Amino acid sequence: MTKWEYATVPLIVHATKQILDQWGEDGWELVQVLTGDNGNLVAYLKRQKG
């Protein structure tokens, strides 16, 4: 069975691409971006454990 680990990352609007590119280089896959309670964007990411 595949096991996953997850991360939530606050996104800065003027640096969104750079932030997501860096996490992608580390093997993380973007699952969803939502607006948090404070109005800021939050990225939800996952990658396979192991």
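Contact here means heavy atoms within 4.5 Å. The model is predicted: local features need pLDDT of at least 70, side-chain atom pairs count only at pLDDT 80 or more, and totals for chains, interfaces and linings use all residues. Residues are numbered from 1 along each chain as its sequence is written, and side-chain values use heavy atoms, with hydrogens and water left out.

The protein chain has one helix and three strands. Helices (H or I, at least four residues) and strands (E, at least two) are DSSP runs, numbered from the N terminus. From that terminus on, the order of elements is β-α-β-β. The C-alpha atoms fill a box of roughly 35 × 20 × 10 Å, taken along the principal axes. The accessible surface of the chain comes to about 4000 Å². Carbon and sulfur atoms hold 50% of this surface. Accessible areas come from the Shrake-Rupley method with a 1.4 Å probe; for residues, only the protein chains shown count as cover. Of the 50 residues, 18% count as buried. Buried means under 20% relative accessible area, exposed over 50%, and partly exposed in between (1.4 Å probe, protein chains only). Among contacts with a separation of 6 or more, 41% join residues 24 or more positions apart.

The three strands form an open sheet in the order S1-S3-S2, with antiparallel pairing. S1 and S2 stand at the edges, each with a single partner strand, so one side of each is left without a neighbour in the sheet. Neighbouring strands are turned by 20 degrees against each other on average, direction ignored. Two strands count as paired if DSSP finds at least two bridges between them. Strands of a sheet pair through backbone hydrogen bonds, either parallel or antiparallel.

S1 (residues 4-11) pairs with S3 (residues 41-48) over eight bridges, in the antiparallel sense. Leu-11 stands opposite Leu-41 in S3. Pro-10 has Val-42 as its bridge partner in S3.

S2 and S3 form a hairpin with five residues between them. Gly-39 in the turn has a positive phi of about 90 degrees. Asn-38 lies in the loop between S2 and S3. This residue is exposed, with a relative accessible area of 60%. A polar atom of the Asn-38 side chain lies 3.0 Å from the backbone nitrogen of Asn-40.

Helix H1 (residues 16-25) lies across S1, S2 and S3. The helix runs at about 160 degrees to S1. Axes are lines fitted to C-alpha atoms, for helices over the stretch in contact, and angles run from 0 to 180 degrees between N-to-C directions.

The largest nonpolar core has eight residues: Ala-7, Val-9, Leu-11, Ala-15, Ile-19, Trp-28, Ala-43 and Leu-45. S1 and S3 are the elements that give two or more residues to this core. S1 gives the most, with three residues. A nonpolar core is a set of buried Ala, Val, Leu, Ile, Met, Phe, Trp, Tyr and Cys residues joined through side-chain atoms within 4.5 Å.

Ala-43, a member of this core, is found in strand S3. Ala-43 is buried, with a relative accessible area of 0%. Leaving aside neighbours within four places in sequence, Ala-43 is in contact with Ala-7, Thr-8, Val-9, Leu-11, Leu-20, Leu-30, Gln-32 and Val-33. The C-alpha atoms of Ala-43 and Gln-18 are separated by 13 Å, and the two residues are 25 residues apart along the chain.

Tyr-6 has its place in strand S1. At 60% relative accessibility, Tyr-6 counts as exposed. Leaving aside neighbours within four places in sequence, Tyr-6 is in contact with Trp-28, Leu-45 and Lys-46. The C-alpha atoms of Tyr-6 and Asp-26, 20 residues apart along the chain, are separated by 13 Å. In a regular strand the side chains alternate between the two faces of the sheet.

Notes
A polar contact is a pair of N or O atoms within 3.5 Å; within protein, one must be able to donate a hydrogen and the other to accept it, and residues adjacent in sequence count only if both atoms are side-chain atoms.
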